[in-house]
Amino acid sequence: MNKNTWIVGFMLFAIFFGAGNLIFPPNLGFSSGQYFWPAIFGFVLTGVGLPLLGIIVGSLDEGGYKGALKKINPVFGVIFLVAIYLTIGPLFAIPRTGATSYEMAIVPFLAQPSSMSLLIFTILYFAVTLWLSLNPSKMVDRIGSILTPLLLVSIVALVFKGFMLLTGETPVQADSKVFTSNTSSFFNGFTNGYNTMDAIAAIAFSVIVISAIKGKGITKETGLFKQTVLSGVIAAVALGFIYVSLGWIGSHYHLSQSELTSIAEHKLDLGTYLLTHVADATFGTFGKVLIGVIVSLACLTTSTGLVVAVSEYFHEILPKISYKAFVIIFTVFSFILANQGLSSVIEMSIPVLLILYPIAMTLLLTMLLAKFIPTPQLAMQIPIFVVSIVAILSVLQLKFNIAPFMDHLPLKAESMEWLLFAVIGYVIGLLIGKNQEKIKYT
C-alpha cells in the first residue's frame, strides 16, 4: 500500500467517525452484557462494513448511486434519495447532534435536567448552526479537521484508561427481553448498527467521497476500485477498534439500580450517560468537561455540514426555492425535533431506518453482483421494489399491527425477512431479463 492509500483510508475514517455515533456502542455493550461479542460483531457489520462497502460500490458507476438509481427507475431514485437526505438531515441526524451535545456537555453538570435547559441550549446550538450554514466557508472544514484528531485522541485515551479500570470486572447482566442467545444478540447488534445512519449517508455522499479520492491522483486507470477497497480496509479497522472498545467498556461498566431509574425518569440516553461517567471515572471532572466540549463542537461541525449538504440537494431539485430558505426551514425543523430529547429522536428514527436499510443493502448487493455478473436491468429492479414493499409492510405491522401475516415470514424474528425476497427477486430478474441488455460495471 502506498502513501495515498493511507491518506484516503484515514480520510474515510474521518468521514464516518461521527461524534454522535459514539453513544451507540457503549449502549449496546451494556444492554448485551454477556452476549457482547456476537452483538458487537453484528453492529460492526452494519455500522462499519456497510458504509465502507457503500463507498466501494459507489465507485463502480460513473454516475454513482444517482446514475444506478436512474437506470433502475428515475422516479424511485428521486424518492429514495429524498428519503435518505431527509433522514440524515432534518428528520433525525441533525436533531440528534444537538440532543447529543446537550446530554454530553450540559446534563452531567446539572442537578436536574429539564426541558427548559434543553430549550436554551438548543436555541444557542442551532443559532450557531444557522449562521454557519448561511455563510458556508472553509472555516467549518478547518475546525472539523482539528476536532476529529482531538476527539480521536481523547477517545483512545478514554479507551485505554477504561481497560485499565475495568479489566477483571465481570460483564453486566444482559437485557433478558432482547438478548437471549448468541443468534438473537448478533441480529440485534446488526439492526442496532442502522442507528449510525452511515450506510445511507454513504449512498448520499459517495460522489463527493470518490471525487476526493480522485483528487489524490487515483483514477479508474490507476486502480480506483482497488485503492478504494484497500483504503476502506484501513478505515474499517480503525472504526472497528473504536466501536468494539467502547462497546466492551459499556459491557463491563456497572450501574446501580438508582442510576438506571434516574436515566429512565429523565429520559436520558444510556450511551451518553455511560461515556460521560466513564470519562469522569478515568480522568475526573477534567475528562468529563473535555469530552463534552469536543463532542459538542464536533457535532456542531457535523450539523452545519449536513444542513449545507441537504439544503444544496433540495435546492438542486427544487431550484425555485432558495438555498437560504431551505437552510432556515431545515434548521428550525431540526431545532424543534431536538427538543424532544435524544432518546425520542433515536426512537422515532428506528421505523424509517428499518425501511431504508433493507432497500440500501439490496441496492449495494445488486450493484456489487453486477460488477462480476452480467446483470439485466430487471435483476436490479425486481428485488429493490419487492424489498421496498416488504420493508414498509414490516414496519406497518410493527407500529400498527395491520399486517399480521408479516410475523410469519422466514427470518422475521431476526428483522431479516426482506433477504429471502431480495434473493428470489434477483433470480427472477435474471431469468426474465437474460435476453435483455446486460449491465456490467467495469
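Me: Which residues touch the most other members of the largest nonpolar core?

Reply: A nonpolar core is a set of buried Ala, Val, Leu, Ile, Met, Phe, Trp, Tyr and Cys residues joined through side-chain atoms within 4.5 Å, where buried means under 20% relative accessible area, exposed over 50% and partly exposed in between, with a 1.4 Å probe and protein chains only. In this predicted model, the largest such core has 125 residues, and Phe80, Ile88, Leu151, Ile155, Ile200 and Leu363 touch the most other members. Its largest share, 19 residues, comes from α13. This is a predicted model in which local features need pLDDT of at least 70 and side-chain atom pairs count only at pLDDT 80 or more, while totals for chains, interfaces and linings use all residues. Residues are numbered from 1 along each chain as its sequence is written, and side-chain values use heavy atoms, with hydrogens and water left out.

Me: What does Ile155 touch?

Reply: Contact means heavy atoms within 4.5 Å. Not counting residues up to four places away in sequence, Ile155 touches Phe17, Leu22, Ile242, Leu246 and Ile291.

Me: How do I read the packing of α2 and α11?

Reply: Two packed helices are described by the angle between their axes and the distance between the axes. Helices are DSSP runs of H or I with at least four residues, numbered from the N terminus; axes are lines fitted to C-alpha atoms over the stretch in contact, and angles run from 0 to 180 degrees between N-to-C directions. Here α2 (residues 24-32) and α11 (residues 224-252) pack at about 40°, with their axes 6 Å apart. The two are therefore oblique to each other, since angles under 35 degrees count as roughly parallel, over 145 as roughly antiparallel, 65 to 115 as roughly perpendicular and the rest as oblique.

Me: Which residues of α2 and α11 meet?

Reply: Pro25, Pro26, Gly29 and Phe30 in α2 meet Tyr243, Leu246, Gly247, Gly250 and Ser251 in α11.

Me: Where are Met197 and Lys267, the residues with a positive phi?

Reply: Most residues other than glycine have a negative phi. Met197, although not a glycine, has a positive phi of about 65° and lies in the loop between α9 (182-192) and α10 (198-214). Lys267 has a positive phi of about 55°, in the loop between α12 (257-265) and α13 (270-317).

Me: Is each of them buried or exposed?

Reply: Met197 is buried, with a relative accessible area of 2%, whereas Lys267 is exposed, with 62%.
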